[in-house]
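Dear colleague,

Please find below the structure that I am handing over to you, together with its sequence. My findings follow directly after it.

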Amino acid sequence: MSFNILTPNDVAKQIAARVKARRLELNLTQEGMAARTGLKFATYRRFEQTGEISLKGLLQIGFALNILSEFDALFAQKQYQSLDDVLNEQSVIRKRGKKNE
């Protein structure tokens, strides 16, 4: 039995690799992609190498690749299957997290 546990850094690098593959499919250079996204070349290059980028920068890349709508599904509101699911959800007592002092 093996588990494949990804860290946030692993996921970021995988996303960067997929963006790079899409860029190459479109026959764009890093400079061309940076220009298309409105990002500085160094920022875009660092993203492809490390996976590090701001959320806004990642959204700009999504817009340039015409996949911005895929981000809309992130953290989407829960979809209920029945009225009972809604009522059960509302009956759960919500607690606040503790403040760090």
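In this predicted model, the largest nonpolar core consists of eleven residues: Ala16, Val19, Met33, Ala34, Leu39, Tyr44, Phe47, Leu58, Ile61, Leu65 and Ile67. At least two residues of this core come from each of the helices α1 (8-25), α2 (30-37), α3 (41-50) and α4 (55-64). In soluble globular proteins, nonpolar side chains tend to be buried together.

Neighbours within four places in sequence set aside, Phe47 has contacts with Ile15, Ala16, Val19, Glu52, Ile53, Leu58 and Ile61. Phe47 also takes part in an aromatic pair with Tyr44. The geometry of this pair is tilted, with 6.2 Å from centre to centre and 55° between the planes. The number of aromatic pairs comes to one. Both Tyr44 and Phe47 belong to helix α3, where they are three residues apart, or about one turn of the helix. Tyr44 and Phe47 are both buried.

Helix α4 deserves a separate paragraph. Its buried residues are Gly57, Leu58, Ile61, Gly62 and Ala64. Viewed down the helix axis, the buried residues of α4 fall within an arc of 165°, and therefore they line one face of the helix. Leu55, Lys56 and Phe63 are exposed on the other side of α4. As for packing partners, the buried residues of α4 pack against α1, α2, α3 and α5. Asn66 follows α4 and has a positive phi, near 60°.

Asn27, although not a glycine, has a positive phi of about 60°. Asn27 is located in the loop between α1 and α2. The relative accessible area of Asn27 is 71%, so this residue is exposed, the cut-off being over 50%.

The other is Phe75, a residue other than glycine whose phi is likewise positive, near 55°. Phe75 lies in the loop between α5 (68-71) and α6 (83-91). Is Phe75 buried or exposed? With a relative accessibility of 84%, Phe75 counts as exposed.

Yours sincerely

Definitions and conventions:
Residues are numbered from 1 along each chain as its sequence is written. This is a predicted model: local features need pLDDT of at least 70, side-chain atom pairs count only at pLDDT 80 or more; totals for chains, interfaces and linings use all residues. Side-chain values use heavy atoms; hydrogens and water are left out. A nonpolar core is a set of buried Ala, Val, Leu, Ile, Met, Phe, Trp, Tyr and Cys residues joined through side-chain atoms within 4.5 Å. Buried means under 20% relative accessible area, exposed over 50%, partly exposed in between (1.4 Å probe, protein chains only). Helices (H or I, at least four residues) and strands (E, at least two) are DSSP runs, numbered from the N terminus. Contact means heavy atoms within 4.5 Å. Rings of Phe, Tyr and Trp (its six-membered ring) pair if their centres lie within 6.5 Å; planes under 30 degrees apart count as stacked, over 60 as edge-to-face and the rest as tilted. The arc is that of the directions from the helix axis to the C-beta atoms.
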